[in-house]
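Thanks for asking me to look this one over. My notes follow as numbered points, each on one spot that I think deserves a look in your viewer.

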Amino acid sequence: MSNKVPFSFIVVIGLMLFALFFGAGNLIFPPMLGQSAGTNIWSANAGFLVTGVGLPLIGVLALGFSGKDDLQSLASRVHPVFGIVFTTVLYLAIGPLFAMPRTGNVSFEIGVKPFLPEGFGPLPLLIFTIIFFTISCLLSLNPAKFVEIVGKILTPIKLTFIGILVVVAFVNPIGDFQAPAEHYMVQPFFNGFREGYLTMDTLASFVFGIIIINAIKEKGAKTKKQIMIVCGKATAIAAVILATFYTALSYMGASSVEKFGHLDNGGIVLAKVSDYYFGAYGGLLLGLMITVACITTSVGLITSCSTYFHKLFPKLPYKTIAISLSIFSAIVANIGLTQLIAISVPVMTAIYPLAIVLIFLTFFHSLFKGKAEVYQGSLLLTFIISLFDGLNGAGIHISSINNLFNEILPMYEVGLGWIIPAIVGGFIGYGVSILRVKFRLNHQVD
């Protein structure tokens, strides 16, 4: 197998995974987490690494472990209708509704906006998003070259830009850690855990995993064992790089509070830090870093979403879908970054637990013999809890339900109340499956 899949290719795949996951949110959320966590940074950062590194890469491994070719086939283990609905919702969330527009908007907010005069109006954002998504679309129209473009060209550029900034920040920190913000004074780990939801990377792992698995198969890995070994090595490479950069960015944010105070978002933190270390060149460095990172993620999302919707609607050509998604994303990006994040938070809170549970059920699939009832029971109870978490995130608080869940569900107050119901639902589903078998046998006897 080693002759078929050279280690150099595994490194390229690992770098590609890092490049795909390390996009817009991954740059702006860790610095803000560091600012908010202060002296509790290491605990908060650990929580962020679970959802920002661990779960996404486990998601990639789960897809390889399942032996399925796509997310819809995997999700159809629950029910064929669920497979279509869940997959479509996920692709829309990480595609044209949230993640894709965010890549263009973040690039503009950090890479272009600081250089514009006050009161510049909406035209610069419109022009920038047209250019940004035109480039992304052109790169995505040749998916066969995607692995090479991302792994060998864009990733080294991005690593260079980010590496310069974080190395300088470690060698010469701006200041000492300060007291944590109010919401990070208690349970910083769980706050960091939930902050990782905003990266959308666990959702994206189902999508990017398809690209990775297919690339590995094309290099000669045929059996499940071969695919898992190569995928495991590649994800280990990506995990080390992701964890290093997330931790460095969090550290950078935490050390900046003494000098700059608490800022509004991670983009401003990065801009301030770059200006502090590099002056006029800092803004240019940061702008290039952000733009390259976001284009990389945008290309991956356009490619993956276009491939899925072409499969769902075969009469629509891949190129037509890619162009349409790019145009739509450019339009949505113009509503502004703040609005996009505000809308995405409750949606991510509601569907993220479903993705996490589906990942872990995939690994236990053979243990419960793939019974659909186990999937159904676990995901149903998970969704009931996560739905109310999502409503809370949208500012819709149903006091009676929240009070009840707080009393009976451990960790509900930190957004993890769905864990126990997911486990209980799985056991209930397994029991239902056994009763159904007995009922059928008795019915046949009668």
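1. How accessible is lysine 113: buried, partly exposed or exposed? Lysine 113 counts as partly exposed, at 35% relative accessibility. Please keep in mind throughout that this is a predicted model. The partner of lysine 113 is glutamate 109, and the two form a salt bridge whose closest N and O atoms are 3.5 Å apart. Glutamate 109 is partly exposed too, with a relative accessibility of 26%.

2. Searching the whole structure turns up 3 salt bridges. Another of them joins aspartate 70 to lysine 311, with 2.0 Å between the closest N and O atoms. Aspartate 70 sits in the loop between helix H3 (41–66) and helix H4 (71–75), while lysine 311 belongs to helix H13 (residues 280–312), so this pair ties together parts that are 241 residues apart in sequence.

3. Arginine 436 is partly exposed, with a relative accessible area of 40%, but glutamate 373 counts as buried at 15%.

4. Next, a helix pair. Two packed helices are described by the angle between their axes and the distance between the axes. For helix H5 (residues 80–97) and helix H10 (residues 201–218), the axes come within 9 Å and cross at roughly 90°. The two helices are therefore roughly perpendicular to each other. On the H5 side the contact is made by Leu90, Tyr91 and Ile94, and on the H10 side by Leu203, Ala204, Phe206, Val207 and Ile210. Sorted by class, this contact of H5 with H10 has 8 nonpolar residues, no polar ones and no charged ones.

5. Which backbone oxygen lies 2.8 Å from a polar atom of the threonine 51 side chain? That oxygen belongs to phenylalanine 193. Threonine 51 is found in helix H3, and this residue is buried, with a relative accessible area of 0%. Setting aside neighbours within four places in sequence, threonine 51 touches Pro56, Gly192, Phe193, Gly196, Tyr197, Thr199, Thr202 and Tyr352.

6. Finally, two backbone angles. Most residues other than glycine have a negative phi. Glutamine 187 has a positive phi, near 50°, without being a glycine. Its place is in the loop between helix H8 (146–171) and helix H9 (188–195), and glutamine 187 counts as partly exposed at 37% relative accessibility. Lysine 369, likewise not a glycine, has a positive phi of about 60°. Lysine 369 lies in the loop between helix H15 (337–363) and H16, where it counts as exposed at 67% relative accessibility.

Note on methods. Residues numbered from 1 in each chain as written. Predicted model: local features only at pLDDT ≥ 70, side-chain atom pairs only at ≥ 80, totals over all residues. Heavy atoms only, no water. Salt bridge = Lys/Arg side-chain N within 4 Å of Asp/Glu carboxyl O. Helix = DSSP H or I, 4+ residues; strand = E, 2+ residues; numbered from the N terminus. Buried < 20%, exposed > 50% of the residue type's maximum accessible area, 1.4 Å probe, protein only. Axes fitted to C-alpha atoms, helices over the stretch in contact; angles between N-to-C directions. Parallel < 35°, antiparallel > 145°, perpendicular 65-115°, else oblique. Contact = heavy atoms within 4.5 Å. Nonpolar A, V, L, I, M, F, W, Y, C, P; charged D, E, K, R; others polar. Polar contact = N/O pair within 3.5 Å; in protein donor to acceptor, adjacent residues only side chain to side chain.
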